Structure formats: C-alpha cells, structure tokens
Amino acid sequence: MAKQFVVELKNEPGAMATLAEALAARGVDLRAIGGGSIGESGHVIMTTADDDTAKAVLDEKGYNYIEGESILAEVDDRPGGMARLARALADANVNIYGHLFLGRWGDRATFAFVVDDPEAARPILERKE
C-alpha cells in the first residue's frame, strides 16, 4: 500500500522549493500533493512514486514528518459529505493527520487519508455511503 507523508515546513519563501528540489534530485516523482500554512509553520501532504527514497530524503534533510498508510475514501460530493465522514472518524477516536483530494467522478469525490489509527479508520473510510 502506498504511503502518504505529512511534512512540516517553515512558512517562508523557498520552503516548498527546497523540499521539491531535494526529492527531484533523488528521482522521486510526486503523485499527489497539497498543503497549507498559517503563522510560522506550514505543511505539505504528499504521495510519491518511491516511498522508500522519499523517506530517506526526508530523514537525511532533517524534516519533521508523519508517514502513514494512504487509505482511499469516497465521499458524497454534496454539502455534508465530508462532515459525515470526519464525524464518523472522530466518533471512533481516529485523528486525521492529512488528506488529499484526488478527484470527482459523478456524485462522488475521492480522497486519500492518513490517520493515527488505520485499523479503526479503514472500515469507516472504505465503506460506500
């Protein structure tokens, strides 16, 4: 199963460029990426074509990150779809570390989640609403 990385970055010009350049220098292809920042810190959530090399780059460069199984979930593409899924995870005491939007097909949106308890989350994320 593919991994998903949530990587802490400083909220400053060049932080994303430095990470992307380090990954590219080792031949790591980014498959999906998202992120954000507020205040002094930010983060990138990403999946790659080479998890082992991505992890090695993150370790070598001293990045603070969370690595987890990327679990796919389909969500109703309408108001409340994500709210229902997030509430079900919260009620199961599962913390969401990050999620990536992958696309829309018909009345469904697909996301990849990384969570603190994949075993508890899997039945919630993998079920069809």
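# A briefing on this predicted structure

The side chains of glutamate 60 and arginine 26 meet in a salt bridge, with 2.7 Å from N to O; the term stands for a side-chain nitrogen of Lys or Arg within 4 Å of a carboxyl oxygen of Asp or Glu. This pair links distant parts of the chain, 34 residues apart: glutamate 60 sits in helix α2 and arginine 26 in the loop between α1 and β2. Helices (H or I, at least four residues) and strands (E, at least two) are DSSP runs, numbered from the N terminus.

The model is predicted, so local features need pLDDT of at least 70 and side-chain atom pairs count only at pLDDT 80 or more, while totals for chains, interfaces and linings use all residues. Residues are numbered from 1 along each chain as its sequence is written, and side-chain values use heavy atoms, with hydrogens and water left out.

**Salt bridges**

- A search of the whole structure finds 13 salt bridges.
- In the opening pair, glutamate 60 is exposed, with a relative accessible area of 55%, and arginine 26 is partly exposed at 40%. Here buried means under 20% relative accessible area, exposed means over 50%, and partly exposed is in between (1.4 Å probe, protein chains only).
- Aspartate 59 forms a salt bridge with lysine 55, and their closest N and O atoms are 3.9 Å apart. Both residues lie in helix α2, four residues apart, which is about one turn of the helix.
- Aspartate 59 counts as partly exposed at 45% relative accessibility, and lysine 55 is partly exposed with a relative accessible area of 31%.
- Arginine 108 and aspartate 76 meet through their side chains in a salt bridge of 2.3 Å, N to O. Arginine 108 lies in strand β7 (residues 108-115) and aspartate 76 in strand β5 (residues 71-76), so the pair ties together parts that are 32 residues apart in sequence.
- Both arginine 108 and aspartate 76 are buried.
- A network of salt bridges links Glu74, Asp76, Arg78, Arg84 and Arg108.

- Helix α1 covers residues 15-25, and its buried residues are Ala15, Leu19, Ala22 and Leu23. Seen down the axis of α1, these residues fall within an arc of 95 degrees, so they line one face of the helix. The arc is that of the directions from the helix axis to the C-beta atoms.
- Glu21, Ala24 and Ala25 are exposed on the other side of α1.
- The cover over the buried residues of α1 includes β1 (3-10), β2 (30-38), β3 (41-48) and α2 (51-60).
- After α1 comes glycine 27, whose phi is positive, near 80 degrees.

**Nonpolar cores**

- In soluble globular proteins, nonpolar side chains tend to be buried together.
- The largest nonpolar core has 15 residues, of which Val7, Leu19 and Leu58 touch the most other members. Such a core is a set of buried Ala, Val, Leu, Ile, Met, Phe, Trp, Tyr and Cys residues joined through side-chain atoms within 4.5 Å.
- β1, α1, β3 and α2 are the elements that give two or more residues to this core, and α1 provides the largest share, four residues.
- A second, separate core of 14 residues includes Ala73, Ala88, Val94 and Ala109.
- Leaving aside neighbours within four places in sequence, leucine 58 is in contact (heavy atoms within 4.5 Å) with Phe5, Val7, Leu19, Met46, Tyr63 and Tyr65.

**Asparagine 93**

- Most residues other than glycine have a negative phi, and most peptide bonds are trans.
- Asparagine 93 has a positive phi of about 65 degrees although it is not a glycine.
- Asparagine 93 lies in the loop between α3 (81-91) and β6, and counts as exposed at 67% relative accessibility.

**Arginine 122**

- Arginine 122 is placed in helix α4 (residues 118-126) and counts as buried at 18% relative accessibility.
- Apart from neighbours within four places in sequence, arginine 122 is in contact with Glu69 and Ile71.
- The C-alpha atoms of arginine 122 and alanine 17 are separated by 33 Å, and the two residues are 105 residues apart along the chain.
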